[in-house]
Amino acid sequence: MNIHSDDLRIFIAVVDCGTLSAAAEQLGQTTSGLSRALSRLEQKLATSLLTRTTRRMELTEEGHLFLEKARTIITAMEEAEETIQVRHQRPSGRLRVDASPPFMLHCIVPHIAEFRSSYPDITLELTSNDQNIDLLEQRTDIAIRHGALQDSMLHARRLGASQLYIVASPAYLRLHGTPADATQLRQHQLLGFTQPDSLNTWPLRHQQDENLSISPTLLASGGETIRQLALHGLGIACLSAFMVREDIAHGALVDILAPFNNGYRQQIHAVYYRNTQLARRISCFLDFLQLKL
């Protein structure tokens, strides 16, 4: 019975992705090819690992047992490979990183040249999404996420935290005036997010509350769009420091209502799928990025 590591990787990918088509996309293979590979594996084992219907697949009892052993074997192989890579200090391979467009533009892109110089054998793929993505479906190694994390099977590493500022352009403030407190925001044009609603809760003390839920008069799906709207004088926005710090320093945006800001800092995490030691290329990227942040 000659079972190879590729057989195990295919089986694990199909289970993790839930469907043959999703696993085929992740592995860069055809759906029919994966189906044949699974059938050959079951023939080698002389047992059924999955029950397949037109709508879904479920593990058999033997499939559950085999999956646990398969993960252990693949993990051990990856750790052995990583040990050799660490020994030679030459991490290599593809690394796909996803982040929101603002974080990618302001916190990652400025440091890529230095990272590439330090790790020339790592092939970076950078993607940007305003909403959280499924790492398995998008074949992504690391995703940068802001705010509180939802419970999941993902592992997370805290990279830092970023304060939120209430900002407007000098042109807007000249035209509409500067609000003296949080209650006066009702008289102004407010820039907010289409989703999630939690992003439209600003860290402003007012009356007996520590936060202020606003009703935006102009909404956008991404922080960079909101930043540009604010720069063009179209309203007041609440944005992370990493996005607007330079704008404030250069006078393009003005930090307003500072005495009422409760100082809330938005958490920034890197999330990834691994239940053992990080792959060397993932580890070195996170170490590098955390140092820069």
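View 1. M57 sits in strand 2, which covers residues 57–59. Everything shown in these views comes from a predicted model. M57 counts as buried because its relative accessibility is 18%, and buried means under 20%. Leaving out residues up to four places away in sequence, M57 touches V14, G18, T19, L20, L50, T51 and R52. For a sense of scale, pick out H106 as well: M57 and H106 are 49 residues apart in sequence, and their C-alpha atoms are 42 Å apart in space.

**View 2. The largest nonpolar core and another core apart from it.** The largest nonpolar core has 38 residues. Good places to start looking are F103, I108, I142, I144 and F285, the residues with the most contacts inside this core. Helix 10, residues 280–292, gives the most to the core, with 6 residues. Another core lies apart from this one and has 22 residues, among them L8, V14, A22 and M57. In soluble globular proteins, nonpolar side chains tend to be buried together.

**View 3. I144 and the residues around it.** Here we zoom in on one residue of the largest nonpolar core, I144. Not counting residues up to four places away in sequence, I144 touches D98, A99, F103, I108, L159, I268, H269, A270 and L289. Two of these contacts, F103 and I108, are also listed with I144 among the residues that have the most contacts inside the core.

**View 4. Strand 3 and its parallel partners.** Follow strand 3 and you will meet strand 4, residues 122–128; the two run parallel and are joined by 7 bridges.

View 5. The model holds 1 cavity of 30 Å³ or more, and the space in the largest cavity is about 40 Å³. Its lining is made of I108, H111, I112, F115, F285, F288 and L289. Helix 6 (112–118) and helix 10 each give two or more residues to this lining, and helix 10 gives the most, with 3 residues. By type, the lining residues are 6 nonpolar, 1 polar and no charged. Look again at I108 and F285: both line the cavity, and both are among the residues with the most contacts inside the largest nonpolar core.

**View 6. The second largest pocket.** This pocket has a volume of about 1000 Å³. It is lined by 41 residues, and those closest to its centre are H146, G147, P196, L199 and Q266. Elements that give two or more residues to the lining include strand 3 (93–99), strand 6 (155–168), helix 9 (241–250) and strand 13 (265–272). The largest share, 4 residues, comes from strand 5. The lining divides into 21 nonpolar, 17 polar and 3 charged residues.

**View 7. Helix 9 and what it packs against.** The buried residues in helix 9 are A241, F242, M243, V244 and D247. They pack against helix 5 (101–108), strand 5, strand 6, helix 8 (223–231), strand 11 and strand 13. Just after helix 9 comes G251, which takes a positive phi of about 85 degrees.

Terms used. Residues are numbered from 1 along each chain as its sequence is written. This is a predicted model: local features need pLDDT of at least 70, side-chain atom pairs count only at pLDDT 80 or more; totals for chains, interfaces and linings use all residues. Side-chain values use heavy atoms; hydrogens and water are left out. On a 1 Å grid over the protein atoms alone, a cavity is a set of points where a 1.4 Å probe fits but cannot get out, and a pocket is an open set with protein on both sides within 12 Å along at least five of seven lines; lining residues have an atom within 4 Å of a point. Grid points are joined across faces, edges and corners, and a volume is the space filled by probe spheres set on the points. Ala, Val, Leu, Ile, Met, Phe, Trp, Tyr, Cys and Pro count as nonpolar, Asp, Glu, Lys and Arg as charged, and the others, Gly among them, as polar. A nonpolar core is a set of buried Ala, Val, Leu, Ile, Met, Phe, Trp, Tyr and Cys residues joined through side-chain atoms within 4.5 Å. Buried means under 20% relative accessible area, exposed over 50%, partly exposed in between (1.4 Å probe, protein chains only). Contact means heavy atoms within 4.5 Å. Two strands pair if DSSP finds at least two bridges between them.
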